[in-house]
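Keep the structure open beside you and find each part as we come to it.

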Amino acid sequence: MMIIPLTKAINRRNEWIVEGCKYEERKDKKPVMAALLLLLLITSQGKSVVRSIGVNYGTIADDLPPATEVIALYKTSGIGKMRIFDPNQATLQVLKGSGISVIVGVVNNDLQGLATSPAAANDWVQTNIKPYLPDVNISSFSDNASAYINAIASFLASTKAPLLANVYPYFAYLSDPTDIKLDYALLNSSGVVVQDETGWPSDGGVAATVDNAGTYYKNLISHVNNGTPKRPGPLETYLFALFDEDQKGPAETEKHFGLFSPTKQPKYQLSFS
């Protein structure tokens, strides 16, 4: 599957955040789905975690603490779920035995090969995932769900549905502050709001303040823990991101999405449980 942007897309790190997009099936979807299924089946040893809130761990900065201290910060903060953007060996090593559930991302340069070649997907998993199992709790599907993966993947392909949505109300508000009210973007309104992986900057632009970011994160955690009328209960959500990253850009706000400063000081008083 490939993303066809209708308005604009922001390449943030190794992912596409798309405003106004549709998903279009490729004619050669069989190799794509074969590679996807292979990745899911081989990494099926992960165990589900009840907690709904996770935090992305990005490293585009030159002043961050070592990975060992990052793992300790996750634990002391009560954050049980992590998403990393590439199979960073140092991070995966220190995650061993931590009990933290981790989603491992694939860098853009590897996507084409994994999407078209089951052999490449297998090599990627053998190199980047298998050596850390079962000591690292890498999320996928559990063993007893493997029989359903084919049907689920086929359904997602036929409906052109994404597996994970990246939603940033801050950028939506910034692009149209007249029609998109700040209260709505901050989840202070009673309107319907849907989010998955998400964040709000604390500096560097219009409405990018510590107060607004803190309000957004507190309301978001409350919202996703309660679920929606059609899906009550916790919704799995990853906050962007753990630290401020001083080498991100080009927009100044890109440097200020952290829940913590590089010195590990929290910006906000949040409960992740």
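## A serine in a loop

S98 is found in the loop between α3 and β5; helices (H or I, at least four residues) and strands (E, at least two) are DSSP runs, numbered from the N terminus. This is a predicted model, in which local features need pLDDT of at least 70 and side-chain atom pairs count only at pLDDT 80 or more, while totals for chains, interfaces and linings use all residues. Residues are numbered from 1 along each chain as its sequence is written, and side-chain values use heavy atoms, with hydrogens and water left out.

Is S98 buried or exposed? S98 counts as buried, because its relative accessibility is 13%; buried means under 20% relative accessible area, exposed over 50%, and partly exposed in between (1.4 Å probe, protein chains only). The side chain of S98 makes two polar contacts to the backbone: one to the oxygen of L95 at 2.7 Å, the other to the nitrogen of I100 at 3.2 Å. A polar contact is a pair of N or O atoms within 3.5 Å; within protein, one must be able to donate a hydrogen and the other to accept it, and residues adjacent in sequence count only if both atoms are side-chain atoms. If you set aside neighbours within four places in sequence, S98 is in contact (heavy atoms within 4.5 Å) with I71 and K75.

## The sheet

Now look for the sheet: five strands form an open one, in the order β6-β5-β4-β3-β7, with parallel pairing. Its edge strands are β6 and β7, each pairing on one side only. Two strands pair if DSSP finds at least two bridges between them.

Strands β4 (residues 81-84) and β5 (residues 101-104) run parallel and are joined by four bridges, with I84 standing opposite V104 in β5.

## Two helices to find

Helix α2 (residues 67-77) lies across β3 (53-57) and β4, running at about 165° to β3. For such angles, axes are lines fitted to C-alpha atoms, for helices over the stretch in contact, and angles run from 0 to 180 degrees between N-to-C directions.

Which residues of helix α5 (residues 118-128) are buried? Among them are A121, W124, V125 and N128. Seen down the axis of α5, the buried residues fall within an arc of 95°, so they line one face of the helix. The arc is that of the directions from the helix axis to the C-beta atoms.

## Backbone details

L187, in the loop between α8 (182-185) and α9 (210-226), has a phi near 65°, a positive value in a residue other than glycine. L187 counts as buried, because its relative accessibility is 12%. K264, in the segment after β7, is not a glycine either, yet has a positive phi of about 75°. K264 is partly exposed, with a relative accessible area of 29%.

Finally, look for two cis peptide bonds: one runs from F240 to A241, with omega near 5°, and the other from G249 to P250, with omega near 5°. A241 lies in the segment after β7 (237-239), and P250 is placed in the segment after β7 too.
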